[in-house]
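Subject: Handing over a structure, with notes

Dear colleague,

I am passing this structure on to you, together with some notes on its helices, its sheet and one of its salt bridges. Please look through it before reading on.

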Amino acid sequence: ISDRHHSRGLGTELLYSLVDIGRQEGLDRIIAEILHENHTMQHICRKIGFHLRREPDAIKASLDLKHYQSRY
């Protein structure tokens with residue numbers, strides 16, 4: 001999300017959409033890497049339900065879609 005569009009909830013909505021698409025496609029899990037300094041994305045992932053694990057090169061984020069409770 002470009003800087004001028006920050007703090008409008010766009011990143012959160014995009015991630016919710018990604019999770020919904022993953023569920024519709026029958027995926028078991030979503031896994032991502034987040035830069036250590038990207039605290040905003042870490043916060044969004046936690047809010048949605050991702051499990052975060054700090055590693056030397058990045059933050060590893062994972063969401064088990066089989067047990068995910070949709071926001072709807």
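The notes below begin with the basis of the values and then go through the structure.

This is a predicted model, in which local features need pLDDT of at least 70 and side-chain atom pairs count only at pLDDT 80 or more, while totals for chains, interfaces and linings use all residues. Residues are numbered from 1 along each chain as its sequence is written, and side-chain values use heavy atoms, with hydrogens and water left out.

The axes of α1 (residues 10–24) and α2 (residues 39–48) come within 10 Å and cross at roughly 45°, where an axis is a line fitted to C-alpha atoms, for helices over the stretch in contact, and angles run from 0 to 180 degrees between N-to-C directions. The two helices α1 and α2 are therefore oblique to each other, a word kept for angles that are not under 35 degrees (roughly parallel), over 145 (roughly antiparallel) or 65 to 115 (roughly perpendicular). On the α1 side the contact is made by G11, T12, L15, Y16 and V19, and on the α2 side by M41, I44, C45, K47 and I48, contact meaning heavy atoms within 4.5 Å.

Turning to the strands, three of them form an open sheet in the order β1-β3-β2, with antiparallel pairing; two strands pair if DSSP finds at least two bridges between them. Since β1 (29–34) and β2 (51–54) stand at the edges with a single partner strand each, one side of each is left without a neighbour in the sheet. Neighbouring strands are turned by 20° against each other on average, direction ignored.

The pairing of β1 with β3 runs over six bridges, and E33 stands opposite K60 in β3. Between β2 and β3 (residues 59–64) there are four bridges, among them those of H51 with S62, L52 with A61 and R53 with K60. A hairpin of four residues joins β2 to β3.

Finally, the structure holds four salt bridges, each a side-chain nitrogen of Lys or Arg within 4 Å of a carboxyl oxygen of Asp or Glu. One of them joins the side chains of D28 and K66 (3.8 Å, N to O). Because D28 lies in the loop between α1 and β1 and K66 in the segment after β3, the pair ties together parts that are 38 residues apart in sequence.
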